[in-house]
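The sequence and the structure come first.

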Amino acid sequence: MVDISKVRAIDIHTHAEEPCGCHADDGYDDLQSTMAKYFGAPWSHPPTVPETAHHYREQNIAAVIFPVDAERETGYRRYKNEEVAELAAENADVLIPFASIDPWKGKMGVREARRLIRDFGIKGFKFHPTMQGFWPNDRMAYPLYEVLEEEGCIALFHTGQTGVGSGMPGGNGMRLKYSNPMVIDDVAVDFPGLKIILAHPSFPWQEEALSVAQHKPNVYIDLSGWSPKYFPPILVKYCNSILKKKVLFGSDWPMITPERWLNDFEKIDIKDEIRPDIIKNNAARLLGLMD
């Protein structure tokens, strides 16, 4: 288990990737190399979960880590949640496991969620509406949200534009409309006990995300996927004021390294007394690691 008193930060948003060559026939390796060029990442295939743990241990940072189950919409075979959870358990000093289940899987997905929570200690679930091809407020997803709310888990939703498919023909079939954070306002209304994270500065819907997080007590924002030097002024303003307890450090590893994100964060106009909450304490409270 992560010793919150020893780590310097908690990265709420990192991706679990399989070893190179596991997706030779479905196009996933090509997608990853294209994304690496988009983000300027120094690799052609992303690091594995053990390599991720090693990096975060060296940086003295804890990380929430998850796969993305989008095989129905994209054809990319998913990285099994159980394997990610087992690897996270082997590196429990730095890794906190989330899972991902495509809500289109219906009752089968609901059963899997309950099993993952109870047998593998899963703390939350990642949803990617653009990759999974669904509106977050579609009632077909509600049975899955009910399980998460009942079990006290976190629902982390990708919001805004995505680097996935950027620059590829047709955006690789990714429809950005599904990731408008205002749609998740319905989920926050219908599941007031569900802890929700809106992932990323939600370009081009930044103000919508800030509005939902300010209005709904159960909604938070993670700051992953962007270098802080590109944060819009209104996001910085809200981080310094009414959302100072509801914004969370996230890198989007391996596309952005945590040390790069934290270095750039030091250079933007955030009040000194607020910085510890954003980089560690807000996430620790949300994850139940501190009061």
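Two strands count as paired if DSSP finds at least two bridges between them. Strands (E, at least two residues) and helices (H or I, at least four residues) are DSSP runs, numbered from the N terminus. The model is predicted: local features need pLDDT of at least 70, side-chain atom pairs count only at pLDDT 80 or more, and totals for chains, interfaces and linings use all residues. Residues are numbered from 1 along each chain as its sequence is written, and side-chain values use heavy atoms, with hydrogens and water left out.

- An open sheet is formed by 3 strands in the order 1-2-3, with parallel pairing.
- Strand 1 and strand 3 (95-97) are its edge strands, each pairing on one side only.
- On average, neighbouring strands of this sheet are turned by 25° against each other, direction ignored; axes are lines fitted to C-alpha atoms, for helices over the stretch in contact, and angles run from 0 to 180 degrees between N-to-C directions.
- Strand 1 pairs with strand 2 (residues 61-66) in the parallel sense over 5 bridges.
- Ile10 has Ala62 as its bridge partner in strand 2, and His15 stands opposite Phe66 of that strand.
- Strand 1 (residues 9-15) is mostly covered, with 7 of its 7 residues buried; buried means under 20% relative accessible area, exposed over 50%, and partly exposed in between (1.4 Å probe, protein chains only).

- Strand 4 and strand 5 (residues 154-158) pair in the parallel sense over 4 bridges, and Phe127 stands opposite Phe157 in strand 5.

- His13 is in strand 1 and is buried, with a relative accessible area of 0%.
- The side chains of His13 and Asp222 are joined by a polar contact of 2.9 Å; such a contact is a pair of N or O atoms within 3.5 Å, where within protein one must be able to donate a hydrogen and the other to accept it, and residues adjacent in sequence count only if both atoms are side-chain atoms.
- Not counting residues up to four places away in sequence, His13 touches residues including Val64, Lys126, Leu156, His200, Ser224 and Trp253; contact means heavy atoms within 4.5 Å.
- Ile197 lies in strand 6 (residues 195-199) and counts as buried at 0% relative accessibility.
- Leaving aside neighbours within four places in sequence, the contacts of Ile197 include Ile12, Ile154, Tyr220, Asp222, Leu248 and Leu286.
- Ile197 and Ile154 are 43 residues apart in sequence and 7.4 Å apart in space, C-alpha to C-alpha.

**Helix 11**

- The buried residues in helix 11 (residues 258-265) include Pro258, Trp261, Leu262, Asp264 and Phe265.
- They lie on the same side of helix 11 because they cover an arc of only 165° around the axis; the arc is that of the directions from the helix axis to the C-beta atoms.
- The buried residues of helix 11 pack against strand 1, helix 2 (49-59), strand 2 and helix 12 (275-286).

**Cysteines**

- The structure holds 0 disulfides, a disulfide being a pair of cysteine sulfur atoms within 2.5 Å.
- Cys153 is buried at a relative accessible area of 3%, and Cys239 is buried at 1%.
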